[in-house]
Amino acid sequence: MKVNRILVSQPRPAIPEKSPFYELSERHRVQIDYMPFFRAVGVTLKEFRSQRVEILTHTAVIFTSRTTVDSFFHICEEARITVPETMKYICQTEAVALYLQKYIVYRKRKISFGDGSFTSLMELIVKHKDEKYLLALSEPHKPELPETLTKLHIPFDPVIFARTVASDLSTVDPSAYDLLALYSPSDVKTLVERFGAEKLPAVGVFGEGTLRAAVEAGLTVRAAAPTPEAPSMAKAVDIFITKTEAGEEFGDIAVTGDPRKEEFLRTQQNRLAKKSRRRPAAESKR
C-alpha cells in the first residue's frame with residue numbers, strides 16, 4: 001500500500017525546507033499538509049490580574065509550550081513588569097527553550113529543558129526544588145503536572161496564560177489522508193466532535209495524554225511518539241510509512257504506564273517521607 005498524503009495538526013513551518021517533515025516527504029514522495037485544529041489565544045491583562053498572582057514574587061517559570069512563552073512576556077510588557085535577569089526558566093523541550101531567545105538572552109545557567117517527557121521535566125524541577133515556581137498553563141490543560149508538584153510539596157503558583165479556540169475545519173476532508181498526526185488531547189477532541197470517530201483514518205499521536213485521548217475516543221492509532229524508537233513525531237510517521245509500504249501488519253498501540261515516571265514519583269515521595277520522619281526526631285532532641 002502506498003501512503004500518499006498526511007495531515008499534520010500544526011501550523012505550516014515558516015521555512016518548510018528546515019522541517020523534519022520536508023525531508024520525510026521528499027524521501028517517501030508523500031504530500032504533507034498542515035492545519036492546526038485549534039489556536040491558542042493569550043489571556044488579557046485583566047484576566048491575568050484576576051488570578052491574583054505576582055510574577056516578581058517567583059524565582060523560576062515552568063513553560064510547556066511556546067504559546068505560554070509569548071503570552072507571559074506580552075503580559076509582562078503590558079503590565080510594565082521588568083523580569084529580572086536572575087529569573088530561571090524550566091522548559092519541557094529544547095524547542096520551547098530555544099524559543100525564549102525571542103525575548104531574552106539565552107544562557108544555559110538559567111534555562112533548562114527536558115526531552116519532552118513528563119519525567120524529564122519533573123527531574124529538572126526537583127533539581128531546582130528550592131525555587132518558587134510560576135507554572136505557565138493553557139486552558140484546558142492536563143492536571144498531572146500541578147497535581148505532582150503539589151504531592152512533592154514543591155512551591156508553585158499555577159497561572160493560565162492562554163486559552164484554546166477551535167479552528168474552522170470546514171475545508172478539511174479527513175478521508176483524503178492516510179494518517180492524521182495529532183499533538184494534543186485538544187486535537188483529538190476537536191477532530192472527533194467535528195467529524196465523528198468512525199469516519200476518521202488512522203492517527204499518529206505525540207505524548208501520553210494524546211495517546212490516551214485517542215484510544216478512549218476509539219481512534220485507530222498507528223504511530224506514537226516520543227518513544228525510544230521514535231523520539232519525534234516525524235520519526236514515528238517515517239516508521240509508519242515504511243511499515244505500511246512494506247506491507248507489515250500493525251498491532252494496536254495501547255496506553256501503558258510509564259515505569260520511569262512511576263519509579264521517579266515513588267523515589268521522590270519516599271525521600272519526602274524520610275525527611276518528615278527525621279524532623280520530629282530532631283526537634284525532640286532540642
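Predicted model: local features only at pLDDT ≥ 70, side-chain atom pairs only at ≥ 80, totals over all residues.
Residues are numbered from 1 along each chain as its sequence is written, and side-chain values use heavy atoms, with hydrogens and water left out.

An open sheet of mixed pairing is formed by six strands in the order 3-8-7-4-5-6. Strands (E, at least two residues) and helices (H or I, at least four) are DSSP runs numbered from the N terminus; two strands pair if DSSP finds at least two bridges between them. Strand 3 (38–42) and strand 6 (111–113) are the edges; each has a single partner strand, so one side of each is left without a neighbour in the sheet. On average, neighbouring strands are turned by 25° against each other, direction ignored.

Strand 4 (residues 60–63) and strand 5 (residues 88–91) run parallel and are joined by four bridges; F63 stands opposite C91 in strand 5. Helix 3 (residues 66–78) packs on the sheet and touches strands 3, 4, 5, 7 and 8, contact meaning heavy atoms within 4.5 Å. The direction of helix 3 makes about 115° with that of strand 8. Axes are lines fitted to C-alpha atoms, for helices over the stretch in contact, and angles run from 0 to 180 degrees between N-to-C directions.

| Bond | Omega |
|---|---|
| E139 to P140 | near 5° |
| A225 to P226 | near -5° |

P140 lies in the loop between strand 7 and helix 6, and P226 in that between strand 11 and helix 9.
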